[in-house]
Amino acid sequence: MLTLEKNCDVYYETLLLMCETDFEMPDVLAVYERKKPANYIQINNRFDKIMAYHKLRALHDLPPDMQRKVVVYGAHIRTFEFINFLITHGLKGKEVILVAPYSKAAARERLTLNNCAVDINIEHVLKEMVEDLGVKIHDQMYLEDFEMHSDNSTLKSVKFKGLHSDAELDIDCDLFVCFEDRYLSKQNAEMLEASGLDMDSGQVLVNDQFQTSDPSVYALGKFIKHTVPPNHQYIFINPKEAVTKLMVHLGWNSEPKEIEEKFSMPVYFQAQLPMDYYIAKVITPKRYLARHLDNQYGFRMNTYQNKEFCRVRLNNLGYVEEIVVVTQKFQDFDFLKYFCGRHELLLNNLKARWYLQDIPSFVNFFQEPWVELIMNENFKKLQDYNKQLIKPVVEEVMNLSISREQRLKVMQNYANDLGITARLEEAVLLFLQEHRDDFHTDFALPQDFPNTGENREPN
């Protein structure tokens, strides 16, 4: 039974917990979580954005001779997106103060997991950009205390302390904007814990089917933690893929009947940055965590053309894990999702072409005619067929006690000797023949060149 605020009881057979947030109040301010200060802002949904807009308009109504101060507390891309919003809606850069906290756990998470809303290298550049706009930045400080006005409904000042020093910062503020990562509100966490669900440091414990300690309650979101940690990423994933897996576990979805435990669907993020720049980022969740290198050791390839920067990161196996675009040209880059998670060899020998300086712009490269083939809706069927062809050889070679490089050579030899290579090539030609009319770009096939020498007499 679920009891709502106004003594309304709701009976259920299955309860789904999907109450994640992106940002919540720091512990120092948590006492005001139920009734937040009037000049406090956090952005978790569209309603929060509307409220932020009207609070900013109220700030403009202050007498022009009064000094305005807006404190922004956070340190990732969405923080800088909001600073851009402030400046493009009438605030001067010198009226904005950015306080960037530091968390060892968050820093480690950035290195081990793929998250499309954070980017360490881009954030360093963004700090320099907002500084050029007049924004004052205080780095590696955390919120220590605050003071309320006499009406006890608005914040008067906030106090910060240095992470590695005794430095203190006391700022009077008209608005306090919080981007502290917290995926479950303290109120909901206390409520769930009081209900008897097993929790760990504010996270709901689930099994591999997203089932909590109560067999009738399931949970999805960034606030969950597996009781037995899996060797793959399960947060910062595509919500559609997560819900699909949950529906299969609950028996609510007949297709697909079987699902893979790991997550693979790309996640897309886009934001507007200061100085009329836009960022688009696509990632795929990590399929393996233990005994694999951090993100900083991935193979990065960059292109820059006409004020458009693009970065592609490969993992140690050659798969694309991340595509980032920073540009002043506004457009939708969601087509990049088709290329994230694929091997660079499948992407027209991406790594070799970049190394030979044959790709001046990744954005243009991913819009060339060849991409039609892998973006075709039937391409997945071709991949599944090829996988079945080569699977017996892969299983046999994987049992050999040889290095990864040797396995590749042995696998190629096996495939050639058993005729698998020829069958793979035949499958590709058949795919092109069957779906030729689906492509906008004309291309030649063997049947377009009749064998003119078929009836020719030998010399």
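Reader: Which residue just after H6 takes a positive phi?
Author: In this predicted model, helix H6 spans residues 239-250. Just after H6, a positive phi of about 75° is taken by Gly251.

Reader: How many residues does H6 have, and what does H6 reach from its first C-alpha to its last?
Author: Helix H6 has 12 residues. At 1.5 Å a residue, the expected span is 16 Å, and the reach of H6 is close to that, at 16 Å.

Reader: Which backbone nitrogen does a side-chain oxygen of Asn238 reach at the start of H6?
Author: Asn238 stands at the start of H6, where its side-chain oxygen comes to within 3.0 Å of a backbone nitrogen. That nitrogen belongs to Lys240.

Reader: Which strands are included in what covers the buried residues of H6?
Author: The buried residues of H6 are Glu241, Ala242, Lys245, Leu246, Val248 and Leu250. What covers them includes two strands, at 15-17 and 217-219. These are S3 and S14.

Reader: Over how many bridges do S16 and S17 pair?
Author: Strand S17 covers residues 277-283 and pairs with S16 in the antiparallel sense. Tyr268 stands opposite Val282 in S17. The number of bridges between S16 and S17 is 7.

Reader: Is Ser361 buried or exposed?
Author: Ser361 lies in the loop between helix H7 and helix H8. Its side chain reaches the backbone nitrogen of Val363 at 3.4 Å. Buried means under 20% relative accessible area. Because its relative accessible area is 5%, Ser361 is buried.

Reader: Which backbone nitrogen does the side chain of Thr303 reach?
Author: Thr303 is in strand S18 and counts as buried, at 6% relative accessibility. Not counting residues up to four places away in sequence, Thr303 touches several residues, among them Trp354, Ser361 and Phe362. At 3.2 Å, its side chain reaches the backbone nitrogen of Phe362.

Reader: In S15, what is the bridge partner of Val204?
Author: Another open sheet has 3 strands in the order S12-S13-S15, with mixed pairing. Its edge strands are S12 and S15. Strand S13, residues 203-206, runs parallel to S15 and is joined to it by 3 bridges. The bridge partner of Val204 in S15 is Ile224.

Reader: How far apart do the end C-alpha atoms of residues 67-224 lie?
Author: An unreviewed UniProt entry annotates residues 67-224 as "domain: FAD/NAD(P)-binding". The span is 27% helix and 30% strand. Its end C-alpha atoms lie apart by 43 Å.

Notes
Residues are numbered from 1 along each chain as its sequence is written. This is a predicted model: local features need pLDDT of at least 70, side-chain atom pairs count only at pLDDT 80 or more; totals for chains, interfaces and linings use all residues. Side-chain values use heavy atoms; hydrogens and water are left out. Helices (H or I, at least four residues) and strands (E, at least two) are DSSP runs, numbered from the N terminus. The expected span of a helix is 1.5 Å times one less than its number of residues. Buried means under 20% relative accessible area, exposed over 50%, partly exposed in between (1.4 Å probe, protein chains only). Contact means heavy atoms within 4.5 Å. A polar contact is a pair of N or O atoms within 3.5 Å; within protein, one must be able to donate a hydrogen and the other to accept it, and residues adjacent in sequence count only if both atoms are side-chain atoms. Two strands pair if DSSP finds at least two bridges between them. UniProt positions are given in the numbering used here, feature names are shortened, and annotations may be inferred rather than shown by experiment.
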